[in-house]
Amino acid sequence: MCILYNSPPVVRLLFLLLTGSLHIASSFYLPGLAPVSFCEKDQAAKDQETPDCRSEIELFVNRLDSVESVLPYEYTAFDFCSIETEKRPSENLGQVLFGERIEPSPYKLHFKKNEECKHVCTKTYDTKKQEDKQKLEFLKKGMLLNYQHHWIVDNMPVTWCYDVEDGQKFCNPGFPIGCYVNKEGLQKDACVINGEFNEKDTFYIFNHVDIKIFYHVVENEAAGARLVAAKMEPKSHKHTHIDNPDCPDIPMDISNTFSGELKIAYTYSVKFLEDPNIRWASRWDYILESMPHTNIQWFSIMNSLVIVLFLSGMVAMIMLRTLHKDIARYNQMDSVEDAQEEFGWKLVHGDVFRPPRKGMLLSVFLGSGTQISIMTFVTLFFACLGFLSPANRGALMTCAVVLWVLLGTPAGYVAARFYKSFGGEKWKTNVLLTAFLCPGIVFADFFLMNLILWGEGSSAAIPFGTLVAILALWFCISVPLTFIGAYFGFKKNAIEHPVRTNQIPRQIPEQSFYTKPLPGIIMGGILPFGCIFIQLFFILNSIWSHQMYYMFGFLFLVFIILVITCSEATILLCYFHLCAEDYHWQWRSFLTSGFTALYFLVYAVHYFFSKLQITGLASTILYFGYTMIMALIFFLFTGTIGFFACFWFVTKIYSVVKVD
């Protein structure tokens, strides 16, 4: 990535927009983020006029999570060294919803002040005491499930970099509590890093960390230096002198059958190193470059883009040529004999705009789908500009929730407009369903998942106050805005159609297998899903495998391709059904592209069983509970795109043919 600094400005700008990465020129920083300068303690005392030049480096701890469990826990849940006197930093709505719990730590760092085997605290466990025994068992459970620490220095993750396949280095924004060697002597997870971790049925706790802080001295700017990387290496030391630790090479082992009194001393070492080659604006690069599958994603996305664009071009060309011939042929029919021999989609012109069955539900789905579509577009657009990067913690979720709340007006307007066009008269029911049906289903599912998290004592459980705040946003802002939108929607005249609807419905002839509703709906979702499933893998990885997602430019590109593909696939099938004299296109167009959500659900099930190592009933229920929410949102989004595309298409073709 760093080779881009020698590329022309246009190439660099295009790369930035596509990848959504954090390569920003040195004179331009991420919106909402500003660099902090650090000085040595003596210099900081002299430079009191410049409060930005600090000597103390705050190290924060975040929640602990695991790829083997969906349940994250707060740092203090594991009885590590903690500090209660300092105030916790404020968290935004997105961080709370994602379950982040950032707290101050007892690890004290000062700029350029190296430390060697410094003692933090000692934890004592007596297995004869029930409380101590429970704490030790919980710690063992965390090591068994490979729970990971997440530390933060200067808004950067403290990373653990280690060698992987093909001589590459992977930098993990977390490090494990410890590891376990099972009864057969098999080393699990991080135990493979040290050959001395070989005792059977034994836990090894990482009670020492070697921290390296890399800094860059700022030239021609404010005094001090800026931190550009924070790396660490977890180690296990069985200290011979607990009060005065010496960090020997003997690992700290905890036998699974241990009983009696156990003392664990936590220590750390810190070293400061200058690195003039890394700029502050590109300090996240070493983490992002080392992430697995990044190169695969580049190739796969470009490959998918070429295939989808080619298929889209083919569909568009066929549609344009065939339609042009149809319209020309229909408009040349002047005689009565010709009119009696009408065939194809012109035959159903008197029924094509007949109101669909369950028009109330369809209009409600269209309103909610419009709300989700606009929210997704705006969120991804801001993410491409760098506003919602991984450095801006919780910004992505906060932006999405706020946008959804504020977009109640278009939801109410669209639902009311189409419901009135369908001939509906129960406007109060329509408004209430638009405001409460789909959001209510999502909130009910979310609340049930939160009850499970509460029961398990997980840090991801949303506090009661936050739930009340979310309900307040929904009832006090989103619902009134939905009512306002519905008021203007019902006040306007119904949508005028280019042809009149006959009083008596036309009989639909016997359909072939391919033009029946179900086969068409099943086939319609294949192409849209084909253009997103590669990106879907990385999105699910970021959610469930705790990997950073930063390729928002590619995601935005795939979003645009998905909209185009859903539209074209639905229009193509709609045309075939109209040619077969089947005029029930409204629900079918919605379900054709909306069926992509079912393929997403199937893929999520496959991902769960083939890629994840999640164990436990609670974690399994949580995975599928949250997946159902994502599937519903995706169903409403894709279905709405398909309906609007088909509505535009049908209106367009019947407005350009002569109808007697």
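This is a predicted model: local features need pLDDT of at least 70, side-chain atom pairs count only at pLDDT 80 or more; totals for chains, interfaces and linings use all residues.
Start with the two helices. Helix H18 covers residues 596–610, and helix H19 covers residues 617–655. Their axes come within 9 Å and cross at roughly 160°. Angles over 145 degrees count as roughly antiparallel, so H18 is roughly antiparallel to H19. The crossing of the two helices is right-handed.

Now look at the side of H18 that meets H19. Among the H18 residues in this contact are Phe 600, Leu 601, Val 605 and Phe 608. H19 answers with residues including Tyr 623, Phe 624, Met 628 and Phe 634. By class, the contact of H18 with H19 has 14 nonpolar residues and three polar ones. No charged residues take part in the contact of H18 with H19.

Next, turn to the strands. Strand S16 is made of residues 178–181. Gly 178 and Tyr 180 point one way from S16. Cys 179 and Val 181 point the other way. S16 has a partner, strand S17, at residues 202–205. Four bridges join S16 and S17, and the two run antiparallel. Across this pair, Cys 179 stands opposite Tyr 204 in S17.

Finally, find Glu 261. It lies in strand S21, residues 261–274. Is Glu 261 buried or exposed? Exposed means over 50% relative accessible area. Glu 261 is at 54%, so it counts as exposed. Glu 261 still has contacts from elsewhere in the sequence: it touches Thr 124, Tyr 125 and Asp 126. Asp 132 is 129 residues from Glu 261 along the chain, yet their C-alpha atoms are separated by 9.6 Å.

Terms used: Residues are numbered from 1 along each chain as its sequence is written. Side-chain values use heavy atoms; hydrogens and water are left out. Axes are lines fitted to C-alpha atoms, for helices over the stretch in contact, and angles run from 0 to 180 degrees between N-to-C directions. Angles under 35 degrees count as roughly parallel, over 145 as roughly antiparallel, 65 to 115 as roughly perpendicular and the rest as oblique. A crossing is left-handed if the near helix is turned anticlockwise from the far one by less than a right angle, and right-handed if clockwise. Contact means heavy atoms within 4.5 Å. Ala, Val, Leu, Ile, Met, Phe, Trp, Tyr, Cys and Pro count as nonpolar, Asp, Glu, Lys and Arg as charged, and the others, Gly among them, as polar. Buried means under 20% relative accessible area, exposed over 50%, partly exposed in between (1.4 Å probe, protein chains only). Two strands pair if DSSP finds at least two bridges between them. Lists of a residue's contacts leave out its neighbours within four places in sequence.
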